[in-house]
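Dear colleague,

I am passing on the structure that we spoke about, with the sequence alongside. Please look it over first, and then read the notes that follow.

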Amino acid sequence: YIPRPGMDVNAKTNNSGGENILFLSQVKDLCRELQPQMGFHPFMFRDGKCSLRQSWGDCWRDECEDIVQEEWGCGLRSRNDKRDDNKLHQRRDDCETPFNKVLHQVRHPLRTIESLVAKFCIGGVEGKVQPSFLIFANALFPQHNFSEMSCIEAAGYYVDEYNSAIVGAAREVGIDDQFQVEEATPCQIAKAAGFMDSDSVYSPSRDRVLK
């Protein structure tokens, strides 16, 4: 749901070749090498054609660029359609992971910043930022130069921009629900995700789950 740099922000100005070059440059930065600290790998999205015996290489690099170009902003490219109830529903099938429900998980921003600082700061809050975080932050939000920021500044701007992007996407295409980690119970999240809908529950467990 996060817009592709220079491409999804304003659809009326997306014809510039420079904007496409910017986006492709960010994709190459993300995929140049394995970044295990960021919890991202192409095999998380699909089986692909690369061997899992090799953690990274030319094959995984190509697969990474392909999947990132397809998935980045896919929710914004989805379309609305009408189903049997004659109501508009958001189609998710433009994404490799076409979930029926999309939830926005939020956390107290200071807790999120605290976690980023603990994981990615070198030399304290005023120190440098781990290179892997800089690659992702600069690719997602190229309007900032995170490389020139202290670690606490980089974490703060990243959290603000990320949540702003998701809130903007919610206005554009709709997000089904939102929950706060510190307050929501597992059952509330399951209900918001549709797992307690009568047609989604495993039949032998339906009475117990839905009561």
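In which helix is Ile-67 found? Ile-67 belongs to helix H2, residues 58-71, where helices (H or I, at least four residues) and strands (E, at least two) are DSSP runs numbered from the N terminus. Please bear in mind that this is a predicted model, in which local features need pLDDT of at least 70 and side-chain atom pairs count only at pLDDT 80 or more, while totals for chains, interfaces and linings use all residues. Residues are numbered from 1 along each chain as its sequence is written, and side-chain values use heavy atoms, with hydrogens and water left out.

To stay with Ile-67, this residue is buried, with a relative accessible area of 1% (buried means under 20% relative accessible area, exposed over 50%, and partly exposed in between, with a 1.4 Å probe and protein chains only). Leaving aside neighbours within four places in sequence, Ile-67 is in contact with Pro-42, Phe-45, Arg-46 and Glu-96, contact meaning heavy atoms within 4.5 Å. The C-alpha atoms of Ile-67 and Phe-43 are separated by 9.6 Å, the two residues being 24 apart along the chain.

As for the chain as a whole, its secondary structure comes to eight helices and six strands, which follow the pattern α-α-α-β-β-β-α-β-β-α-α-β-α-α along the sequence. Of the 211 residues, 36% are buried, and among contacts between residues at least 6 apart in sequence, 53% join residues at least 24 apart.

The axes of helix H4 (residues 109-120) and helix H6 (residues 151-173) come within 9 Å and cross at roughly 135 degrees, the axes being lines fitted to C-alpha atoms, for helices over the stretch in contact, with angles that run from 0 to 180 degrees between N-to-C directions. H4 and H6 are therefore oblique to each other, since angles under 35 degrees count as roughly parallel, over 145 as roughly antiparallel, 65 to 115 as roughly perpendicular and the rest as oblique. Among the residues that meet there are Ile-113, Leu-116 and Phe-120 in H4, and Ile-152, Ala-155 and Val-159 in H6.

Finally, Asn-138 lies in helix H5, residues 131-140, and touches Gln-26, His-144, Asn-145, Phe-146 and Ser-147 when residues up to four places away in sequence are not counted.
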